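Please look over the sequence and the structure before reading on.

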Amino acid sequence: MTEPHAVWGYAVTARLSPDRLAGLSGVAGPPVRTVAAAGLTAAVSTVSLAEFGEQPLRRRLEDLAWLEATARAHHQVIDALPGPAIPLRLATIYRDDASLAGLLAQRQAELAAGLRQVTERAEWGVKLFAAERPAVADAPERAGAGPGLSYLRRRGHQLSAAEQARQADAVLAEQVHAELRGMAAAAQLRPAQAAELTGEPRTAMLLNAAYLVDDGTAARFAAAVRELGRRHRTRIELTGPWPPYSFALPGTGP
Amino acid sequence: MSHPVPRDPDGALRAERIALVDLLDRVLAGGVVISGEIRLSVADVDLVQISLQALIASVSTGLGELGD
């Protein structure tokens, strides 16, 4: 080799013929190839250490344009793999094929169990947003109440309205999650995304969840999400199907 | 599998941006880390935070251009 290289990992699948990856190119361009060990296959590609060594990688991860291109390239490869696949986290880089093969053999049982869990299933993302609410109106005046009592009643009315709204949001998120979790093989709650990132800066995200759903149930699951949005008159967003990023190994379920 | 982009015909650019947030959410925090001494590196949380700050800035700009 003329310059030092390393190996970028995309995903682990069951035994996979390298022919199935023909024409697929990965991060930074080189073709995707396979590393096989212990009945498992890792989809990988060669990367230059000048670009993907630890120090240059640290710098590049801070460059959003680079991060976006790399994340999309990583995702496209995983998405294109035939059959069930366990995605590897972005920027998991190995010294060489042999060291990755050794790790596949070492964690064979765990990875094989992970593959069984995601077979004929996909991850679906659901984000639930709070309904926009009108400002709290004052409590109606009651004849015969003195000014002090009126004030207390008004104030109490406002506080309890805010508290009721907060509780209603929590109950709604719980209901939606419980109903969808009931249709899924596994579920994973993720931190709510910052309002600046969601494109909905005025409504709080109440639920940001991932569900591992049988392919045969996916249409029913999507219909249930739409129905929940209608029933509760709130914005609910479905994304997918995703590779099982949130369910990469057993034990990441509910 | 198709592209996991929210269907939003009136906001293709916005949908793409939002999908990027969802994608980064997954590829940076999800996926298995099969590591050993021979692993060179994996994205760590601090770097991701920096990138997300940059993303917030870029999304705000994008939405401004859309007049949203």
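Predicted model: local features only at pLDDT ≥ 70, side-chain atom pairs only at ≥ 80, totals over all residues.

Residues are numbered from 1 along each chain as its sequence is written, with chains lettered from A and ligands numbered from 1 in the order in which they are written.

**Overall make-up**
- Chain A has eight helices and nine strands, which are DSSP runs (helices H or I, at least four residues; strands E, at least two) numbered from the N terminus.
- Of the 254 residues in chain A, 36% are buried, meaning that 20 or more other C-beta atoms, placed from the backbone, lie within 10 Å of the residue's own.

**Domains**
- The domain assignment, which is automatic or from a database, gives chain A domain 1 (5–118) and domain 2 (121–134 + 162–247).
- The centres of the two domains, taken over C-alpha atoms, are 30 Å apart.
- Six residues from domain 1 and six residues from domain 2 of chain A form the contact (C-beta atoms, placed from the backbone, within 7 Å).
- On the domain 1 side, helix 3 (64–80), strand 4 (85–87) and helix 5 (108–118) of chain A each give two or more residues.

**Nonpolar core**
- The largest nonpolar core has 68 residues; such a core is a set of buried Ala, Val, Leu, Ile, Met, Phe, Trp, Tyr and Cys residues joined through C-beta atoms within 7 Å.
- Strand 8 (residues 205–214) of chain A gives the most to this core, eight residues.
- Both domain 1 and domain 2 of chain A supply at least three residues each to this core.

Note on methods:
Contact = placed C-beta atoms within 7 Å. Buried ≥ 20, exposed ≤ 12 C-beta atoms within 10 Å, placed from the backbone.
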